[in-house]
Amino acid sequence: MTKVVVMDKDESILACIVGPTGPEQRRLANKVMEEALQQAGLSFDEIDYVIATGYGRINVPFADRQITELTCHARGVASFFPTVRTAIDIGGQDAKGLKINDGKLVDFVMNDKCAAGTGRFLEVMADTLGLKLENFGSTSLKSTSKVKISSTCTIFAQQEVISRLSEGASLEDILAGLHDAIAGRVARMVQRLKVEPDVVLTGGVAKNIGVVKAMKENLGCEVLVPKDPLLSGAIGAAILGKELTLKALAKGEPVLKKERRLEEVTFFK
Amino acid sequence: MAWYMGIDIGSVTSKGVIIKDGELLAYHLVPSGSNYRAAAEEVKQELLARVGLSLEDIANTIATGYGAGNVPFASQQLADIICSARGINNIFPSARALIDVGGQYSQVIRIDEQGRVTNFVVSEKCAAGSGRFLQVIANVLRIDLKDIGPLSLMSRNPVTFTTGCAVFGESEAITRVSEGFSKEDILAGVHKSLADKISALVSRVGPEEQYAISGGGGVDIGLIKSIEEKLQVQLLVPPQPQIMAALGAALMARGQEVLIY
């Protein structure tokens, strides 16, 4: 997913866009930016600083600076929950655990090698079951005895789900089992950081109430979820942009900006 | 003089053989599908029809493989690792390690002079390194499994997969197609990824002099070449790599070997 946040100096959000990245958007960050500016009612010249983050941050040619998603996530999450010590982000193709102290990133763990324990796991299951991902959470809460999914591998778990269905297990119980499987896997990874409260869950998967519940059970502690769990990286980037600008101004240094032109990214020059 | 039967119900393919005096008389393969019992029955019927016998003529039958419990006419079930080792030893007595690339997982088995298992590792946690990965990619590219090997040999510039994960591999393959990579290059890339995983399994059981290959992977010439390149060895390839476990089961059914494991 591609997310854009336009923020003013008081950290109020003037515009916010969330949409699928897809192969086209990878090239067309400029189009998303235009949309955001329109929503905010601003011209591009009025933007003081642009920070790009995330997996595709190099595909934003008009950004003044690129900052890794780990730093931006940490900053964004700390802005929602200043007391956060552990942030867990489960996205569409990776999962990260961040250790945060006083709003600063101090350590992290990450999985982008295996689809199990990422949002991709649930996407594959949604395909297999012919269900909408949005309905996973609420449906799973009706479960009375969750099905144990013993395969780690997404592909093997897919077959397991089909077998359990054919044996008559209910959809609710299967979904609860799947949520437990993904939460268990992410929890084991994050435990390497020695989880300390407050724990915050972000990323698209955090919108799934079933995973949030399973995460609480697996970690044995409360798990906080921000209002817009998808936006923590973009909001963190915007805040970092503001801070960089204010710092430069306070020191009387010039703010290094690019020319404000919205163009497609070109990979080969 | 007597006939013996070995039945191997794999996760993807079911195989069976009938032997007489240690000589292979007939073999048959069918897709396992979702009803293993029916697959076992189908293999049995076809084998008996080919040699013109009835089940009463078979002195003993042993079942092996993932679905070995679904062969009611077998007297005994044995692990597929034991049977594959026994089968390959019959064809290649010099083989000291067997790389078995199955539909669901891959395994590397060390074998002694008598065809007994001395050590083994299985990749069962994950589809990476198994035939399943190839199947997923063949689906994306709309290619028949049997064409994978010859096609991949025509690759000039194999794609590099960033992870061994079959799920991520599927999306990577789709991306590479959209970037204009040829199917040959993508298939060669999958073979390299599988060879890497298999080589990791090999290093866990330790190096050997003579390697053989069995399972569905042994039918894929592209995969064989990739493994040979990665391990810097020449693989012994049996004429019917998929029936090694069934053959081993039939040999065990003959019971001339002293079974001490």
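This is a predicted model: local features need pLDDT of at least 70, side-chain atom pairs count only at pLDDT 80 or more; totals for chains, interfaces and linings use all residues.
Two strands count as paired if DSSP finds at least two bridges between them.

**Domains of chain A**

The domain assignment divides chain A into domain 1, made of residues 2–71 + 231–251, and domain 2, residues 84–225. Taken over C-alpha atoms, the centres of domain 1 of chain A and domain 2 of chain A are 28 Å apart.

**The five-stranded sheet**

Chain A has an open sheet of 5 strands with mixed pairing, in the order β7-β6-β5-β8-β9. Its edge strands are β7 (104–111) and β9 (223–224) of chain A, each of which pairs on one side only. Helix α3 of chain A, residues 69–80, packs on this sheet and touches β5 (86–90), β6 (95–101), β7 and β8 of chain A. The direction of helix α3 makes about 60° with that of β6(A).

In general, strands of a sheet pair through backbone hydrogen bonds, either parallel or antiparallel.

| Strand pair | Sense | Bridges |
|---|---|---|
| β5(A) and β6(A) | antiparallel | 5 bridges |
| β6(A) and β7(A) | antiparallel | 7 bridges |

Strand β5(A) forms a hairpin with β6(A), with 4 residues between them. Across this pair, A:Ile90 stands opposite A:Ala95 in β6(A). Strands β6(A) and β7(A) also form a hairpin, here with 2 residues between the strands. In that hairpin A:Asp102 takes a positive phi near 50°. A:Gly97 stands opposite A:Val109 in β7(A).

As for burial, a residue is buried if 20 or more other C-beta atoms lie within 10 Å of its own. By this count 6 of the 7 residues of β6(A) are buried, so the strand is largely enclosed by the rest of the structure.

**Contact between chains A and B**

At the interface, 11 residues of chain A are in contact with 10 residues of chain B. On the chain A side, α4 (119–129) and α6 (154–166) each supply at least two residues. The largest share of that side, 3 residues, comes from α6(A). By type, the chain A residues that touch chain B divide into 7 nonpolar, 2 polar and 2 charged.

**Two positions in chain B**

B:Val30 lies in strand β3 of chain B. Leaving aside residues up to four places away in sequence, B:Val30 touches B:Ser14, B:Ala39, B:Glu42 and B:Val43. One of these, B:Glu42, is 12 residues from B:Val30 in sequence and 7.8 Å from it in space, C-alpha to C-alpha.

B:Ser34 is placed in the loop between β3 (23–31) and α1 (36–51) of chain B. B:Ser34 counts as exposed because it has 10 C-beta neighbours inside 10 Å. B:Ser34 and B:Ser11 are 23 residues apart along the chain, and 9.3 Å separates their C-alpha atoms.

How values were computed:
Residues are numbered from 1 along each chain as its sequence is written. Chains are lettered from A and ligands numbered from 1 in the order in which they are written. Domain bounds come from an automatic or database domain assignment. Two residues are in contact if their C-beta atoms, placed from the backbone, lie within 7 Å. Axes are lines fitted to C-alpha atoms, for helices over the stretch in contact, and angles run from 0 to 180 degrees between N-to-C directions. A residue is buried if 20 or more other C-beta atoms lie within 10 Å of its own, exposed if 12 or fewer, and partly exposed in between; C-beta atoms are placed from the backbone. Ala, Val, Leu, Ile, Met, Phe, Trp, Tyr, Cys and Pro count as nonpolar, Asp, Glu, Lys and Arg as charged, and the others, Gly among them, as polar.
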